[in-house]
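Colleague: I have not looked at this one before. Can you take me through it?
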Amino acid sequence: MSSITACEICKTPLNIWQLDSENELDLCPSCNHVERDMKRCPSGARRHPWGGVGAFDRFRLALTWRSQARALQKRNVDPKDLLEIGFGAGILLERHLTEGRNVQGSEAEMLERPVGDDLLQRIVHHKVCAEDLSLAPESIDLFYGVHVIEHLLDPCKVFATAAKSLRPNGVIHFVTPAGDSLGLKFFGTAWWNLEDPTHIRFFSPDSLKLALSKAGFDRIEIRRPWWDSLGVESASLLRRLGLGNNSEHGALGNSFGRVLLLMMMPLFFVLRTFVPKLRPSLEVVAQKRIV
Ligand SMILES: [Zn+2]
């Protein structure tokens with residue numbers, strides 16, 4: 001069934017994707033972009049946007065750091081000035097500071113994660129949503145965000161801001177849930193990425209590539225990282241069993257859920273290895289098009 005709204009990326013009329021009798025998403029038949037209206041797809045979401053585990057976050061951010069460093073090296077970019085949108089607790093920004101880089105970050109503090117005063121004194125902190133950033137043109141070399149663009153009200157505006165603020169050859173790097181992950185098809189409403197009430201879209205490789213190309217980027221490389229959100233499948237199974245639905249911090253908000261997740265994780269890790277499309281995230285690196 002078609003809905004009246006058009007895809008925010010390619011403007012094709014969206015189809016309704018009925019997950020169950022109470023939940024439906026909008027799916028673009030052209031670019032596979034997925035949009036979510038919380039009123040039509042509540043999916044037993046937790047009440048607070050934060051539903052992770054601090055130790056898991058540090059592990060995946062260490063691997064995100066490694067992946068970003070490799071991408072920069074491959075493209076021969078050594079960023080002097082950089083900006084992270086939605087920097088959370090600032091773990092990656094700290095590492096960039098130790099490399100002697102000039103660091104900026106935007107954080108609307110939705111997750112209420114603790115950020116040290118010491119860090120805030122050493123960075124340029126934009127206390128605004130990414131859509132409201134005002135940056136000097138051609139002033140930075142790296143613009144990135146880890147699990148942020150799925151929350152934005154207007155991601156295309158943010159991509160345009162990124163393109164304008166980057167120097168020639170400047171790089172963007174984003175990690176975001178994959179709307180075409182087999183996990184969403186398999187777990188349906190229990191897919192852990194639907195537990196976050198502020199996840200309002202899921203990019204596909206096609207929609208991400210199109211949005212970035214329109215904003216002025218090329219050399220767009222998209223991968224499905226094995227290392228991101230390692231607990232998604234286990235947490236989705238816990239949600240399917242009814243654990244944590246509609247609670248404050250979701251399936252991983254209690255220690256029982258975390259122990260079960262650790263026990264199941266190796267099984268899903270093996271599945272991810274053999275079925276890459278099960279991986280729940282997309283990682284994109286691209287460079288500002290030189291005109
Ligand atoms: Zn589309």
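Colleague: What covers the buried residues of H6?

Modeller: This is a predicted model. In it, the cover over the buried residues of H6 includes helix H4 (155-165), strand S11 (217-223) and strand S12 (281-288).

Colleague: And which residues of H6 are buried?

Modeller: Helix H6 spans residues 205-215, and its buried residues are Ser-207, Leu-208, Lys-209, Ala-211, Leu-212 and Ala-215.

Colleague: What follows H6?

Modeller: Gly-216 does, and its phi is positive, near 110°.

Colleague: Which residues have a positive phi without being a glycine?

Modeller: Lys-11 is one of them, with a phi of about 70°. Glu-138 is another, at about 50°.

Colleague: Where do they sit?

Modeller: Lys-11 is in the loop between strand S1 (2-6) and strand S2 (13-20). Glu-138 is in the loop that runs between strand S7 (124-126) and strand S8 (140-146).

Colleague: Is Lys-11 buried or exposed, and why?

Modeller: Lys-11 is exposed, because there are 10 other C-beta atoms within 10 Å, and a residue counts as exposed at 12 or fewer. Glu-138 has 13 other C-beta atoms within 10 Å, so Glu-138 is partly exposed.

Colleague: Changing topic to the sheet. What is the strand order?

Modeller: The order is S7-S6-S5-S8-S9-S12-S11, which makes an open sheet of 7 strands with mixed pairing. S7 and S11 are the edge strands, each pairing on one side only. On average, neighbouring strands are turned by 15° against each other, direction ignored.

Colleague: How do S5 and S6 pair?

Modeller: Strand S5 (residues 81-85) pairs with S6 in the parallel sense, over 5 bridges. Asp-81 stands opposite Asn-102 in S6.

Colleague: What about S5 and S8?

Modeller: S5 and S8 also pair in the parallel sense, over 3 bridges. Glu-84 has Tyr-144 in S8 as its bridge partner.

Colleague: Which strands does H2 lie across?

Modeller: Helix H2 (residues 91-98) lies across S5, S6 and S8 and runs at about 165° to S6. H4 packs on the sheet as well, touching S5, S8, strand S9 (166-177), S11 and S12. The direction of H4 makes about 150° with that of S9.

Colleague: Now H7 and H8. At what angle do they pack?

Modeller: Helix H7 (residues 232-240) and helix H8 (residues 255-274) pack at about 125°, and their axes are 8 Å apart. H7 and H8 are therefore oblique to each other.

Colleague: Is the crossing left-handed or right-handed?

Modeller: H7 passes H8 in a right-handed crossing.

Colleague: Which residues meet there?

Modeller: From H7 they are Glu-233, Ser-234, Ala-235, Leu-237 and Leu-238. From H8 they are Gly-257, Leu-260, Leu-261, Met-264, Met-265 and Phe-268.

Colleague: How many of those are nonpolar, polar or charged?

Modeller: The residues of the contact of H7 with H8 are 8 nonpolar, 2 polar and 1 charged.

Definitions and conventions
Residues are numbered from 1 along each chain as its sequence is written. This is a predicted model: local features need pLDDT of at least 70, side-chain atom pairs count only at pLDDT 80 or more; totals for chains, interfaces and linings use all residues. Axes are lines fitted to C-alpha atoms, for helices over the stretch in contact, and angles run from 0 to 180 degrees between N-to-C directions. Helices (H or I, at least four residues) and strands (E, at least two) are DSSP runs, numbered from the N terminus. Angles under 35 degrees count as roughly parallel, over 145 as roughly antiparallel, 65 to 115 as roughly perpendicular and the rest as oblique. A crossing is left-handed if the near helix is turned anticlockwise from the far one by less than a right angle, and right-handed if clockwise. Two residues are in contact if their C-beta atoms, placed from the backbone, lie within 7 Å. Ala, Val, Leu, Ile, Met, Phe, Trp, Tyr, Cys and Pro count as nonpolar, Asp, Glu, Lys and Arg as charged, and the others, Gly among them, as polar. A residue is buried if 20 or more other C-beta atoms lie within 10 Å of its own, exposed if 12 or fewer, and partly exposed in between; C-beta atoms are placed from the backbone. Two strands pair if DSSP finds at least two bridges between them.
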